[in-house]
Amino acid sequence: MTDQEKQIQEYVEKGLSGDMASVNSIEDRILRGKVKAAIVKAKRLGGKKESSQLKKTDARSSTDDIITKLVDEGLTGNMENINALDDRVLRAKVKSALIKAKKQTVKKSDKTNLNSPNLDLNKDNPNVKFAELIQQKFPDAIQCEINEEYIGIKPDYWLNVARWLKSDPAASFDSLQCVTGTDIGESKLDSRYNLHSMKLGHLIEIRIEVPIENPKIPSIEQIWRSGDWFERETYDMYGIKYEGHRDLRRMLLPEDWEGYPLRKDYQEQETYHGIIVKKIKEEVWD
Amino acid sequence: MGLLENKFKDNVLVAKLDQILSWSRATSPWMFQFGLACCAIEMIATGASRHDMGRLGMIPRASPRQADVMIVAGTVTLKMSLRVKRLYEQMADPKYVIAMGSCATSGGPYWQHGYHVLKGVDLVIPVDVYVPGCPPRPEALLEGILKLQEQILEERPLTRKMV
């Protein structure tokens, strides 16, 4: 054993007995680093020895007990004991269990929301507020239950609702931020509009469902000019026909393309202008 | 003027016309810049001062009429493939193609599910050199250009058909 190793051992023993001041006062930086690493190692080994002395099942059940106890404390708002835990792994476990428990309670409250939708709705939520306003103005226009995520509107009423949303001083949605489509299954497509009022600062989402066999929605391209390319792209990918659009051509794909690629039942074509589209058939991969 | 100033006396050099032709072709392969996707960034880096594609006699041209080599750098969509073919046909003979990156060689990440991507530019035009990588580093592209030059040097345009 060299002198340095002896020195390290001495310092480690000092450090383990709680005298860290002498360890920190080592002037040689390399030596200090080595001593500290050795202390950490020794502590870890000691911890392992202790836990291995216990029987495995006992250890597990005792940690489980600790976790459930601490989670209960955490749910009541007392985080002090959790943060004071020395074992890093155990602390992380407790915290993750706490998050899980909190999520479950939130989910429960969500379910109660669904059972009685109109009681717990936040009236300040713009999606709720404007859905109610639209219902007053156009009694049959709302397609689904009023909720906080979106406003469902029937395609026949959409043009009038859109005009009202833009022109009414209380709404004044002057910016159409995005139009997208979705294939929501059960042979239905929907088109989603994100509207924003730069003047009043509120934001809503409109969803319009149409059957996949005859997907027709009135175009709002002349109300919000930004809708022009958005609607063309959605037409390109989903085949929703925006009636009244002045230039409804494909946006990204070539004009002679077959099918609408983002629909769930899309089959890619075998060849395009004599070029093989799919070089290897699926069976070869399997 | 240059490095060779006063190095040679008045002289006569003798060579085969064939070899001179292929040598002159190999040392000035003007390139048709065809940056389609992220590979274009590496192609630009190859042209910039650190790697300096110009020292191999390569000058970027914006027109197919003035170019000898087409470097297809990036994803070729099916919509673009028709244009690639047309531009290749507009180049004057002799013409060469370098497929740069995995998209241009095989479709790359769009191999299985890219409904809109051409699975390798060699389905549309003949390719001389494939440069693998996603995207290839400038060194890889330079290696590809050197390989192409080797290939051009082997050609004997007057006595043999092109290899």
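In chain B of this predicted model, strand E1 (residues 31-35) and strand E2 pair in the parallel sense over 2 bridges; strands here are DSSP runs of E with at least two residues, helices are runs of H or I with at least four, and both are numbered from the N terminus. Two strands pair if DSSP finds at least two bridges between them. Met31(B) has Pro60(B) as its bridge partner in E2(B). Local features need pLDDT of at least 70, side-chain atom pairs count only at pLDDT 80 or more, and totals for chains, interfaces and linings use all residues. Residues are numbered from 1 along each chain as its sequence is written, chains are lettered from A and ligands numbered from 1 in the order in which they are written, and side-chain values use heavy atoms, with hydrogens and water left out.

Zooming out, the open sheet of chain B has 5 strands in the order E2-E1-E3-E4-E5, with parallel pairing. E2 (60-61) and E5 (129-131) of chain B each have a single partner strand, so one side of each is left without a neighbour in the sheet.

Now for the meeting of the two chains. Chain A brings 19 residues to the contact and chain B brings 13, where contact means heavy atoms within 4.5 Å. About 1500 Å² is buried between chain A and chain B, and carbon and sulfur atoms give 69% of that; buried area is the accessible area (1.4 Å probe) that two parts lose on being put together, summed over both. As for salt bridges (a side-chain nitrogen of Lys or Arg within 4 Å of a carboxyl oxygen of Asp or Glu), the count between chain A and chain B is 0.
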